[in-house]
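User: I am new to this structure and would like a close look at a single part of it. Please take the aromatic pairing and the elements around it, and explain the terms as you go.

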Amino acid sequence: MITAAREAVDLLIQARGSWQFDDALNGLRDREWMALRFLARANRFSRPPSALAQFVGTTRPTASQTVKRLEDKGYLQRRSSDQDKRSVILDVTQLGEKTS
């Protein structure tokens, strides 16, 4: 039951964000902005690319493309997980924090 409620809240947050999105905001697309907002608010355990894909409602390859664009623009950086070097953690940069 809690999982369903959390998913409903996440969907409402996504919907609200897309209604308020200004496409001129720092050159970000709506999905990029939504991804950045999610990552800026997620705890460190919720920031792998797979969690982003689930939140945004897309495939992992599409989420990876979004991450790459955010990295190229200076909003995110990737790092290897301390527990499992094969895993990637996404960190929001200072620029990303200011934008989100």
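Analyst: The account below starts with the aromatic pairing and then turns to the strands.

This is a predicted model, in which local features need pLDDT of at least 70 and side-chain atom pairs count only at pLDDT 80 or more, while totals for chains, interfaces and linings use all residues. Residues are numbered from 1 along each chain as its sequence is written, and side-chain values use heavy atoms, with hydrogens and water left out.

The structure has 1 aromatic pair. F38 and F55 make up this pair, which is stacked, with 4.5 Å centre to centre and 15° between the planes. Rings of Phe, Tyr and Trp (its six-membered ring) pair if their centres lie within 6.5 Å; planes under 30 degrees apart count as stacked, over 60 as edge-to-face and the rest as tilted. The pair links distant parts of the chain, 17 residues apart: F38 belongs to helix 2 (residues 30-41) and F55 to helix 3 (residues 49-56). Helices (H or I, at least four residues) and strands (E, at least two) are DSSP runs, numbered from the N terminus.

F38 and F55 are both buried. Buried means under 20% relative accessible area, exposed over 50%, partly exposed in between (1.4 Å probe, protein chains only).

Strand 2 (residues 88-92) is largely enclosed by the rest of the structure, because 4 of its 5 residues are buried. Strand 1 (residues 76-80) runs antiparallel to strand 2, joined by 5 bridges; two strands pair if DSSP finds at least two bridges between them. R78 has L90 in strand 2 as its bridge partner.
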